[in-house]
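Hi,

Here is the structure I promised to pass on. Have a look first, then read my notes below.

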Amino acid sequence: MKQILLLEDEENLNRGISLKLEKEGYQVFSAYGICQGMKLFQENTIDLIICDITLEDGNGLDFCREIRKISSVHFIFLTALSQEIDMVLGYEAGADDYMAKPFSLTVLISKVNAIFKRMSNHDDRMSSGEVIYLKKEMKVYIKGKETSLTKNELRLLLIFMEHPKQILSKKQLLDQMFDINGEFVDENTVAVNVRRLREKIEDNPSNPVYIKNIRGIGYLWDRDIII
């Protein structure tokens with residue numbers, strides 16, 4: 001299930017968007033301010049952010065810039081500001097799309113569905129450095145040679161490659177690995193699988209170029225993804 005973070009401080013609009021997205025089958029994490037939104041982003045594996053520009057505790061543009069330092073997650077701005085300069089600033093901050101209020105919820109949902117459809121249509125083959133992941137075939141190639149990975153290692157690699165440049169905590173990885181197959185995985189299993197995956201895809205696991213350990217926080221896939 002795709003996970004969406006919604007930052008909107010107008011309570012009725014927040015509720016309306018959340019309900020509409022949930023009816024479409026998405027999991028929605030609602031926030032009314034930047035501090036709450038950042039906490040939710042750090043605690044969950046977010047696939048899309050929908051964010052108002054003017055929030056109760058700050059500016060959505062600044063929030064977007066901070067997110068862009070750690071993640072390439074898709075980002076849609078909502079705002080009552082409709083001047084061209086405001087749109088330009090939104091895109092320069094790192095937004096993928098922009099909707100000026102008032103807007104149709106149906107149009108917003110169409111934009112969200114279109115983003116995820118594009119992701120689904122184009123992400124069957126993902127490459128990063130010398131790593132190629134074929135999702136439909138569940139095959140991984142390193143330096144052009146097929147590499148044998150266990151089911152858990154394949155799950156883990158997919159999670160990392162679907163969220164490049166985004167710090168993922170052990171809890172986030174744990175939740176994602178659990179959600180994929182409904183099996184119990186403890187935090188120690190996550191660490192073990194990260195180590196084993198490194199041994200298979202890294203030339204020097206002690207000095208990794210793909211999966212980096214962010215001390216006290218989690219792990220980071222530190223290479224760009226080409227789909």
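Let's start with a term: a residue is called buried when its relative accessible area is under 20%, exposed when over 50%, and partly exposed in between, using a 1.4 Å probe and protein chains only. This is a predicted model, where local features need pLDDT of at least 70 and side-chain atom pairs count only at pLDDT 80 or more, while totals for chains, interfaces and linings use all residues. Residues are numbered from 1 along each chain as its sequence is written, and side-chain values use heavy atoms, with hydrogens and water left out.

So, is Ser71 buried or exposed? Ser71 counts as buried because its relative accessibility is 4%. You'll find Ser71 in the loop between helix 3 (60-68) and strand 6 (74-79). Helices (H or I, at least four residues) and strands (E, at least two) are DSSP runs here, numbered from the N terminus. Leaving out residues up to four places away in sequence, Ser71 touches Phe41, Pro164, Lys165 and Gln166, with contact meaning heavy atoms within 4.5 Å. A polar atom of the Ser71 side chain also lies 3.0 Å from the backbone nitrogen of Val73.

Next, helix 6 (residues 151-162). Of its 12 residues, 9 are buried, so the helix is mostly covered; among them are Glu153, Arg155 and Phe160. Its end C-alpha atoms are 17 Å apart, which agrees with the 16 Å that 12 residues should span at 1.5 Å a residue (the expected span is 1.5 Å times one less than the number of residues).

Helix 6 lies across strand 12, strand 13 and strand 14, at about 70° to strand 14. The angle, on a scale from 0 to 180 degrees, is between N-to-C directions of axes, which are lines fitted to C-alpha atoms, for helices over the stretch in contact. These three strands make an open sheet in the order 12-14-13, with antiparallel pairing. Strand 12 (167-168) and strand 13 (211-214) are the edges, each pairing on one side only. Two strands pair if DSSP finds at least two bridges between them, and 2 bridges join strand 12 to strand 14 (residues 218-221). Leu168 stands opposite Tyr219 in strand 14.

Ser127 stands opposite Ile132. There are 2 residues between the strands, and Gly129 takes a positive phi near 60°.

Enjoy exploring!

Note on methods. A polar contact is a pair of N or O atoms within 3.5 Å; within protein, one must be able to donate a hydrogen and the other to accept it, and residues adjacent in sequence count only if both atoms are side-chain atoms.
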